[in-house]
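Me: I am new to this structure and would like to learn how to read its features, one at a time. Could you take me through a pocket and then a helix?

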Amino acid sequence: MKQHIADLIDSALATLIANGTLPADIQTNVMVENTRDKTHGDFASNIALTLAKPARQNPRQLAQALLDALPASTQLAKTEIAGPGFINFYMKADVANQVVAAILSAGHEYGRQPANSAGRVQVEFVSANPTGPLHVGHGRGAAYGATVSDLLEAAGVQVEREYYVNDAGRQMNILATSVWLRYLENGGESFAFPSNGYKGAYIHDIAADLRARLGDTLHHSSAIVFSDIPADEPAGGDKEVHIDALIERCRALLGDDGYEQVFSAGLDSILSDIRDDLGGFGVQYQQWFSERSLTHTGDVDSALNKLQEKGYLFEEEGNLWFRSTDFGDDKDRVVRRANGQTTYFASDIAYHMNKFERGFDKVVNIWGADHHGYITRVKAALEAMGYDPERLVVRLVQFAILYRGQERVQMSTRSGSFVTLRELREEVGNDACRFFYVTRKSEQHMDFDLELAKSESKDNPIYYIQYAHARVCSVLRKLDEASWSWDQAAGLANLGLLDTEHEKDLITKLGKYPEVLQGSALNYEPHVLANYLRELANDFHSYYNAHKMLIDDADLRNARVTLSTAVRQILANGLQLLGVSAPEQM
RNA sequence: GCGCCCGUAGCUCAAUCGGAUAGAGCAACGGCCUUCUAAGCCGUAGGUUGCGGGUUCGAUUCCUGCCGGGCGUACCA
């Protein structure tokens with residue numbers, strides 16, 4: 001419809017240029033938008049306002065000239081000039097009503113673009129370090145990433161969802177050492193657990209499993225383990241030095257094979273827990289990408305070689321640096337330390353090279369807001385390697401602050417006193433979790449109120465929307481129980497009877513769903529769809545309250561029930577995209 | 001210090017890539033159940049969009065300077 005109106009305006013503009021009203025070289029950019037206020041019609045164009053200056057004409061007069069030159073259309077009911085020079089367009093009712101038939105005929109597919117019609121995109125999200133269970137902060141990234149992925153898929157994009165597993169580096173070594181120390185405790189040793197170690201209960205579980213599987217093959221006495229280890233912080237030492245020394249001791253005593261057994265026991269257990277957790281949250285991945293694999297496959301070396309060839313690496317004090325300042329970064333970055341160890345950033349460069357080599361049209365990274373400092377340097381590396389950095393899209397997700405009533409819940413992974421995503425899901429339910437997380441713009445800070453998410457009342461927007469869906473189902477059940485009949489074909493034929501404000505508003509709202517979905521997807525903004533569903537539910541509740549559907553007048557009854565089922569279809573489609581169930585009864 | 005994000009009703013947040021009178025929900029106040037689910041609906045009130053300039057027909061939106069908050073500024077991952 002927008003396109004149709006734009007074509008009409010283009011035609012009118014051509015006429016005005018031909019008859020000399022407008023200069024031949026004028027720049028025209030026709031924009032047709034939805035009106036915010038229905039007293040302004042269904043669609044509006046600001047074309048007369050934008051052309052007023054270059055054409056040196058009064059905008060309202062120009063608008064009138066355009067209307068005089070506008071070709072006749074069978075779809076428009078009327079046009080008018082309003083305000084400073086807007087042209088408002090009113091659709092004929094039967095044109096607007098066609099959306100109901102379109103929705104019922106397409107059903108679940110309504111609003112979706114044909115699969116794989118809009119390119120191929122990778123979405124990487126969550127990618128939390130596998131050092132412990134996911135906590136509520138990760139939940140927002142999970143819900144956001146999953147929803148954005150599903151929305152893109154609905155927009156016709158072929159989506160590959162990926163989790164980058166940070167299974168390399170010091171934190172993982174701290175984890176392995178923590179597991180081993182608990183294993184030793186489990187075998188009867190007693191000592192002060194390092195203040196910088198992982199103290200969660202899950203470490204005990206992993207250690208117990210390890211002992212059950214391997215017996216005491218990894219056992220050493222605490223006297224040997226702690227001999228000559230620098231003091232921990234509570235004893236007046238440095239906790240970092242302390243834990244690093246323990247890591248080295250662990251490696252030395254266990255050897256490569258033994259250490260690997262402990263290491264992978266921790267990694268495998270936590271990773272499978274994360275997988276299970278996300279699966280339960282309705283979040284699926286096509287790919288779990290291991291950071292360690294980048295070293296094994298040689299991707300890290302080849303990425304560094306690539307930068308070397310292009311002349312962006314230099315050595316200083318034994319370290320190998322990437323000259324990222326050539327691409328707008330604040331300072332250059334180390335990619336390989338003097339001791340030969342490559343840095344995390346080097347893995348990141350290799351990983352992004354790997355992503356780009358896989359040929360996606362776009363690569364979307366969903367990162368926690370604390371990673372925003374990395375955007376510049378990663379894009380710098382991509383550009384240096386000869387890739388187009390514009391193909392990398394980074395969306396930052398701000399942290400969600402959890403409240404229990406008025407009280408703020410504190411979180412800390414290391415101390416083990418955090419609230420896990422799993423606990424949150426069990427407490428408030430998956431539907432409320434998924435919905436609450438995406439109901440705000442991702443870059444907005446967000447307060448997640450547990451009490452509100454749990455409440456089964458109208459305060460809780462998710463119940464409100466689900467209830468609208470259930471209400472339509474309820475009407476159909478009543479229809480069955482009573483002696484009423486319902487004929488969808490007759491309903492569609494009688495949509496012209498729906499002339500109340502409530503009904504016209506509902507139909508208008510339904511007509512906007514495809515572009516809401518499209519805009520929500522392409523801008524990575526699920527909250528737009530969430531808000532739309534809230535509004536649609538609101539319109540339906542108002543309608544339901546004002547007019548009875550189960551009435552004697554068969555034509556009107558058929559029309560109203562038919563409209564209601566179209567609303568139900570859109571609610572179901574939208575909720576499914578948000579990862580929320582659409583219950584038939586509540 | 002520098003960089004990025006944010007600042008909108010008492011609270012939590014919108015505002016369709018510059019549009020018309022800045023909108024919802026909570027909370028407050030007043031109404032609506034003999035009627036398809038009151039898990040709902042209707043109404044009232046609530047604003048100098050942090051502050052000051054600038055750009056133009058028109059600014060919450062773009063530019064600039066302040067104020068306030070968050071994050072970052074690693075040879076950590």
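Reply: Let us begin with a way of sorting residues: Ala, Val, Leu, Ile, Met, Phe, Trp, Tyr, Cys and Pro count as nonpolar, Asp, Glu, Lys and Arg as charged, and the others, Gly among them, as polar. Please keep in mind that this is a predicted model.

Me: How many nonpolar, polar and charged residues does the lining of the second largest pocket have?

Reply: In that lining there are 13 nonpolar, 9 polar and 14 charged residues, around a pocket whose volume is about 960 Å³. Of the 36 lining residues, D42, M91, A96, K504 and T508 are the closest to the centre of the pocket.

Me: Which helix gives the most to the lining of this second largest pocket?

Reply: That is α19, with 7 residues, while β4, α4 (93-106), α19 (501-511) and α20 (513-522) each supply at least two.

Me: Turning to helix α1, which of its residues are buried?

Reply: A residue is called buried when its relative accessible area is under 20%, and in α1 this holds for I5, A6, L8, I9, A12, L13 and L16. Seen down the axis of α1, these buried residues fall within an arc of 155°, so they line one face of the helix. The face turned away from that buried side carries the exposed residues Q3 and A18.

Me: What covers the buried residues of α1?

Reply: The cover includes β1 (32-34), β2 (43-45), α2 (47-55), α3 (59-69), β3 (76-82) and β4 (86-91). Just after α1, G20 takes a positive phi of about 85°.

Note on methods. Residues numbered from 1 in each chain as written. Chains lettered and ligands numbered in written order. Predicted model: local features only at pLDDT ≥ 70, side-chain atom pairs only at ≥ 80, totals over all residues. Heavy atoms only, no water. Buried < 20%, exposed > 50% of the residue type's maximum accessible area, 1.4 Å probe, protein only. Helix = DSSP H or I, 4+ residues; strand = E, 2+ residues; numbered from the N terminus. Arc of directions from axis to C-beta. Contact = heavy atoms within 4.5 Å. 1 Å grid on protein atoms, 1.4 Å probe; cavity = no way out; pocket = protein on both sides within 12 Å on 5 of 7 lines; lining within 4 Å. Points joined across faces, edges and corners; volume = space filled by probe spheres on them.
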